[in-house]
Amino acid sequence: MSKKECIAMLLAGGQGSRLGALTSKIAKPAVSFGGKYRIIDFTLSNCANSGIDTVGVLTQYRPYRLHAYLGSGSAWDLDERGGGVSILPPYATQEGGAWYAGTADAVTQNLDYIKTHDPEYVLILSGDALYRMDYRKMLDAHIQNEADLTIAVMPVPWEDASRFGILTTDDNDRITKFTEKPEKPDSNLASMGIYIFSAKFLIDALEEDALDQRSSHDFGGDIIPKALAEGRRLFVHKFHGYWKDVGTIASYHETSMGLLGANPEFDIYEKSAPIMSNDTTRPPHYIGPNGRVDDCLVSNGCEVFGTAKHSILSTDVVVEERAIVEDSVLLPGAIVKSGAHVVRAILGENAVVEEGVKLGSVDTQKDTAVVGNDVVIGKGE
Amino acid sequence: MINNKAIGYITANYTALKQETLLESRPIASVPVMGRYRLIDFPLSNMANAGIKTVGLVMPGNYRSIIDHVGHGKDWGLDRKRGGLFPLPGNPYGTTKAGMRFLLRDIISNKTLFQRAKEPYVVLMGSNIIFNMDLNAIIEAHEASGVGITMVYVKAERDHEEACSLVIGDAGRVQKVNEGCKYGDNKFIDCFVINRELLLQIIDRYAAADYLDIFEAIAADFSRIDVCSYEFKGLAVGMFDQETYYQRSMEMLDPVINNQLFRKDRPILTKAHDAPPAKYAAGSIACNSRISAGCEIMGTVRNSILSRGVVVESGANVVNSIIMQGVIIKSGARVENAIIDKNNVVPANTELRGTPDAILSVGKAPMA
């Protein structure tokens with residue numbers, strides 16, 4: 001195996017329990033987003049667009065759909081000789097087997113994978129956010145700083161800082177303090193959970209951490225505080241672009257709606273770093289004679305005979321005659337039958353709203369209505 | 001399932017009699033159809049859906065756009081270690097004669113494909129008549145009947161000068177193949193199954209008549225070869241010139257017709273792209289239209305088919321038209337009864353207007 005400069009480890013094993021019904025049967029990174037994409041597409045596309053050709057995807061929770069979606073990685077041009085996408089689920093050894101117990105533990109259990117590729121640097125990512133980032137720039141900064149660890153950060157409003165892991169730095173971007181959800185933040189630089197480690201330091205730190213019985217084997221909780229305490233060279237890399245976690249129903253809905261409009265903050269049409277996906281081959285969508293589509297994203301395979309306003313219609317969605325869909329996200333294969341009215345809702349994959357049913361409320365104080373995958377909503381439900 | 005009974009052979013070098021705008025920059029086989037597809041997708045997908053893993057593709061002289069589209073066949077599952085997609089040399093001038101889609105000379109010069117195969121049958125298809133068919137049903141019928149050749153036909157719904165018709169006798173035996181096709185005739189849809197050994201015999205026996213279509217060459221020997229027919233009850237749409245291309249495309253706007261071609265159980269596969277979902281601005285209007293990924297609609301689109309990445313600016317109107325990939329229709333422009341080929345920019349407040357009887361066509365523009 002030839003030596004690699006930088007490989008990525010993508011943590012994709014979490015349940016995503018805050019997405020509720022949307023992740024009851026499918027891992028969060030495989031949840032549909034933005035019409036034709038799945039959440040992991042954004043991170044994988046960032047890797048491909050940053051020139052990273054070796055990505056280990058660590059999976060655990062309900063992995064089949066995610067594994068099937070990743071396939072050989074060819075959808076992201078990551079079917080590379082001597083690299084590409086490798087799916088890394090928990091496995092058994094002669095000593096037994098164990099689930100991934102924390103973010104650091106998941107990587108520790110795959111140190112063989114890292115050692116096989118023998119990289120100089122390891123990029124640690126998670127597949128649960130919407131952003132477009134050139135990891136190459138972060139890597140260049142890491143190399144220039146002769147850092148052991150570089151953490152991508154973004155400035156957040158001061159009033160929100162106590163919700164994040166906050167990093168305090170000196171004038172040279174070197175980290176002096178890390179506080180998880182500080183009550184009185186002295187910095188507004190929030191960790192994005194994106195790390196570049198020098199590989200040798202990462203391997204040493206993880207092997208030590210594995211032996212520490214008091215550790216919870218978490219990057220934020222254990223590895224970073226310890227490295228800081230030891231006086232290691234930890235730096236921040238400031239990111240000024242758009243970054244949104246899509247891990248809750250509210251943020252999923254809000255972030256989806258943010259893709260609409262004339263000048264969205266995250267533009268899926270941006271051509272310099274295209275978002276790639278493993279989409280199914282479906283015909284162009286059809287708008288019927290009485291169909292009306294206003295301020296929407298509409299994917300291949302859709303059929304719109306009714307009205308869709310300010311909504312996202314994913315692949316193969318059907319909106320029947322006289323049905324109305326507003327401020328909603330319809331995941332692949334969802335059907336809104338004739339005369340039904342769907343407002344501020346997320347319809348899961350292949351969900352059906354029966355004829356004449358009213359679902360959701362315009363009242364933004366109320367929670368977004370969520371219908372799970374394959375669920376049929378009839379009258380009186 | 002992997003099909004161990006048949007290999008495929010597709011002729012993509014049919015050349016139209018009329019040299020029209022659409023064909024200035026491409027062979028018929030790679031003419032875009034229904035937004036994201038090209039005609040060649042249909043025979044390739046029918047074969048892929050039947051599990052056929054070895055497909056020879058006979059190329060025209062101007063094959064660039066076909067190679068660009070099919071590559072090594074990955075999108076049809078034809079990037080194989082065993083088998084795969086084999087681009088084959090063909091008569092570069094194509095087979096311009098009406099009704100000729102299976103030039104014997106091309107079959108002879110690609111004998112190696114048939115010699116190397118182990119499968120007992122070969123499915124041969126053209127690329128001008130599109131349909132979605134279960135080829136295994138035909139292969140099974142062919143095998144069960146024990147004949148040499150099975151030709152697939154539909155009952156013609158209209159006159160069709162460029163198609164062939166079959167004269168069918170007792171027990172479905174084909175007695176004769178006629179050039180041209182009238183309403184109600186048995187229209188041959190350029191699809192047949194032949195025993196591979198028989199094909200190799202024909203290659204040797206009729207070598208002297210290599211300038212003919214295979215069915216012309218063997219015309220006198222139909223009864224001896226035992227040529228049978230198979231009626232396809234589904235939709236088969238022939239596209240041989242710009243006029244029929246436009247008319248048939250417009251008919252396919254009807255979802256009932258469209259859904260006969262595009263089925264989830266037998267998908268028509270095509271080259272994958274990374275175009276984002278189509279985007280509709282507030283105040284845009286679209287009706288009875290088929291619109292591809294990557295389109296941005298700010299104006300009005302009616303009764304039209306838009307390929308990938310078309311932009312219709314605010315105040316622009318597109319009516320009864322076929323708009324190819326990457327066309328930009330500027331603010332206030334009007335396009336009606338027209339075919340606008342790739343990469344054109346229709347300037348603001350201009351009109352490009354044909355009539356239902358005389359469709360306006362604008363050729364492919366150079367890349368910006």
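Visitor: What share of the residues in chain B is buried?

Guide: The model is predicted. Of the 368 residues in chain B, 59% are buried. A residue counts as buried when its relative accessible area is under 20%.

Visitor: How does the radius of gyration of chain B stand against that of a compact globule?

Guide: A compact globule with 368 residues would have a radius of gyration near 21 Å, and chain B agrees with this because its own value is 21 Å. The C-alpha trace of chain B spans about 65 × 45 × 35 Å along its principal axes. Chain B exposes about 14,400 Å², of which carbon and sulfur atoms supply 50%.

Visitor: How many helices and strands does chain B have?

Guide: Its secondary structure comes to 10 helices and 28 strands. Among the contacts in chain B with a separation of 6 or more, 59% are between residues 24 or more positions apart.

Visitor: In which sense do β9(B) and β10(B) pair?

Guide: Strand β9 (residues 160-168) and strand β10 (residues 174-181) of chain B are antiparallel, with six bridges between them. Within this pair, L166(B) lies opposite V177(B) of β10(B). The two strands form a hairpin with five residues between them, and A171(B) in the turn has a positive phi of about 55°. β9(B) is also joined by three bridges to strand β11 (residues 186-195) of chain B, again in the antiparallel sense. There, C164(B) has F188(B) in β11(B) as its bridge partner.

Visitor: Let us turn to helices. Why do residues three or four places apart in an α-helix point the same way?

Guide: An α-helix has 3.6 residues a turn, so residues at that spacing point the same way.

Visitor: Which residues of α5(A) are buried?

Guide: In helix α5 (residues 135-144) of chain A, the buried residues are Y135(A), M138(A), L139(A), A141(A) and H142(A). Seen down the axis of α5(A), they fall within an arc of 160°, so they line one face of the helix. K137(A) and Q144(A), on the other side of α5(A), are exposed.

Visitor: What is found at the start of α5(A) and just after it?

Guide: At the start, D134(A) has a side-chain oxygen within 3.0 Å of the backbone nitrogen of R136(A). Just after the helix, E146(A) has a positive phi of about 50°.

Visitor: How many of the residues of helix α1 of chain A are buried?

Guide: Helix α1 (residues 40-49) of chain A is mostly covered, with eight of its 10 residues buried. These include I40(A), F42(A) and L44(A). Just after α1(A), G51(A) takes a positive phi of about 80°.

Visitor: In what order do the strands of the open sheet in chain A stand?

Guide: The five strands are ordered β17-β20-β23-β26-β29, and their pairing is parallel. β17 (292-294) and β29 (358-359) of chain A stand at the edges with a single partner strand each, so one side of each has no neighbour in the sheet. β17(A) pairs with β20(A) over three bridges in the parallel sense, and D294(A) stands opposite K309(A) in β20(A).

Visitor: Is T307(A) buried or exposed?

Guide: T307(A), in strand β20 (residues 307-309) of chain A, counts as buried because its relative accessibility is 19%. Leaving aside neighbours within four places in sequence, T307(A) is in contact with R292(A), V319(A), A323(A), I324(A) and V325(A).

Key. Residues are numbered from 1 along each chain as its sequence is written. Chains are lettered from A and ligands numbered from 1 in the order in which they are written. This is a predicted model: local features need pLDDT of at least 70, side-chain atom pairs count only at pLDDT 80 or more; totals for chains, interfaces and linings use all residues. Side-chain values use heavy atoms; hydrogens and water are left out. Two strands pair if DSSP finds at least two bridges between them. Helices (H or I, at least four residues) and strands (E, at least two) are DSSP runs, numbered from the N terminus. Buried means under 20% relative accessible area, exposed over 50%, partly exposed in between (1.4 Å probe, protein chains only). The arc is that of the directions from the helix axis to the C-beta atoms. A polar contact is a pair of N or O atoms within 3.5 Å; within protein, one must be able to donate a hydrogen and the other to accept it, and residues adjacent in sequence count only if both atoms are side-chain atoms. Contact means heavy atoms within 4.5 Å. The radius of gyration is taken over C-alpha atoms; the globule rule is 2.2 Å times the number of residues to the power 0.38. Accessible areas come from the Shrake-Rupley method with a 1.4 Å probe; for residues, only the protein chains shown count as cover.
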